[in-house]
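I opened the model to look up two things. First came strand pairing, then the nonpolar surface.

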Amino acid sequence: TANQNLILNSRGTGNLYFQTADSTKMTVLNNGNVGIGTVSPGADGLTIRREGSDKRTLLQLDRPNTPGLQTNIQFTVSNIMVGQIQHEYVAANYNHMSFTLRNPSGANVIPLWLENSGNVGIGTTTPGAKLDVTGGNILLSNNQALQFKDVTTGTARNILTYSSGNSTTLTAGPNGSSQGALSLIGNNDTRLAVTTSNDLILKTNGGRIKLTDNAESANYLVV
């Protein structure tokens with residue numbers, strides 16, 4: 001009959017089981033927990049289980065091939081969205097994923113943005129590089145280093161290191177081996193260089209080399 005409800009009920013403290021081919025595929029416990037692929041869901045909510053040692057997709061969210069569609073997973077408190085994972089299919093070969101959080105003032109902010117080009121934005125929704133950080137600092141804890149990888153040798157190189165003794169070290173060369181050449185460049189020309197022969201080179205191109213105090217109130221050496 002049209003406009004009628006269908007109620008499936010287990011009496012007392014019984015559970016509800018859904019079977020196909022004489023095998024239980026979904027379970028609803030009397031405490032409200034739901035299990036797919038298991039008769040003993042342990043999570044407070046939904047548990048999905050699939051036997052096998054190979055890779056399995058346990059949850060798939062599918063939308064039509066229509067540009068502009070968004071698919072969201074929301075986290076709410078009293079029906080107020082406090083967090084969200086969003087995927088947007090913008091156009092053919094272009095889509096992105098973002099993470100939204102509600103800040104203390106009640107506004108929604110996007111701290112993390114992922115492009116299918118491989119670019120990642122922190123504090124920006126238009127990352128222009130593999131990692132684009134906007135509106136804040138990058139913090140490394142004590143004795144950690146900012147490293148770059150030599151694409152020829154595959155060796156990681158510490159470029160900037162800070163230790164707990166308030167010592168900041170700028171280095172060149174692979175970690176744990178002899179150091180390489182280090183250069184500071186300005187106006188497309190080398191101004192300061194430390195060579196692999198331990199020579200220190202200062203180049204001014206007509207300028208001066210000046211040593212002064214913190215307030216620059218006095219010059220101690222002008223060359």
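**Entry 1: the sheet.** I started with an open sheet of 3 strands, in the order β14-β15-β16, with antiparallel pairing. β14 and β16 are the edge strands, as each pairs on one side only. I looked up the twist as well: from one strand to the next it averages 25°. I note here that the model is predicted.

**Entry 2: β14 against β15.** How many bridges join β14 to β15? I found 5 bridges, linking residues 182–186 of β14 to residues 189–194 of β15. The two strands run antiparallel. S183 stands opposite A193 in β15. L184 has L192 as its bridge partner in β15. G186 stands opposite D189, again in β15. I kept one general point beside this list: side chains in a regular strand alternate between the two faces of the sheet.

Entry 3: I checked the connection next. β14 and β15 form a hairpin, with 2 residues between them. Which residue in the turn has a positive phi? I found N187 there, with a phi of about 55°.

**Entry 4: β15 against β16.** I moved on to the other pairing of β15. Here 3 bridges join β15 to β16, which covers residues 200–202. This pair also runs antiparallel. For V194, I looked up the bridge partner in β16 and got L200. Which residues make the nonpolar surface patch? I listed L58, L59, L61, I73, F75, V77, I80 and V82. The patch comes to about 700 Å².

**Entry 5: where the patch comes from.** I traced these residues back to their elements. β5 (69–77) and β6 (80–91) each supply at least two residues of the patch. Which strand gives the most? It is β5, with 3 residues. I also placed L61: this residue lies in the loop between β4 (46–48) and β5.

Conventions. Residues are numbered from 1 along each chain as its sequence is written. This is a predicted model: local features need pLDDT of at least 70, side-chain atom pairs count only at pLDDT 80 or more; totals for chains, interfaces and linings use all residues. Side-chain values use heavy atoms; hydrogens and water are left out. Two strands pair if DSSP finds at least two bridges between them. Helices (H or I, at least four residues) and strands (E, at least two) are DSSP runs, numbered from the N terminus. Axes are lines fitted to C-alpha atoms, for helices over the stretch in contact, and angles run from 0 to 180 degrees between N-to-C directions. Patches are made of residues with over 30% relative accessible area and no salt bridge: like charges are joined within 9 Å, nonpolar side chains (Val, Leu, Ile, Met, Phe, Trp, Tyr) within 5 Å. Accessible areas come from the Shrake-Rupley method with a 1.4 Å probe; for residues, only the protein chains shown count as cover. A salt bridge is a side-chain nitrogen of Lys or Arg within 4 Å of a carboxyl oxygen of Asp or Glu.
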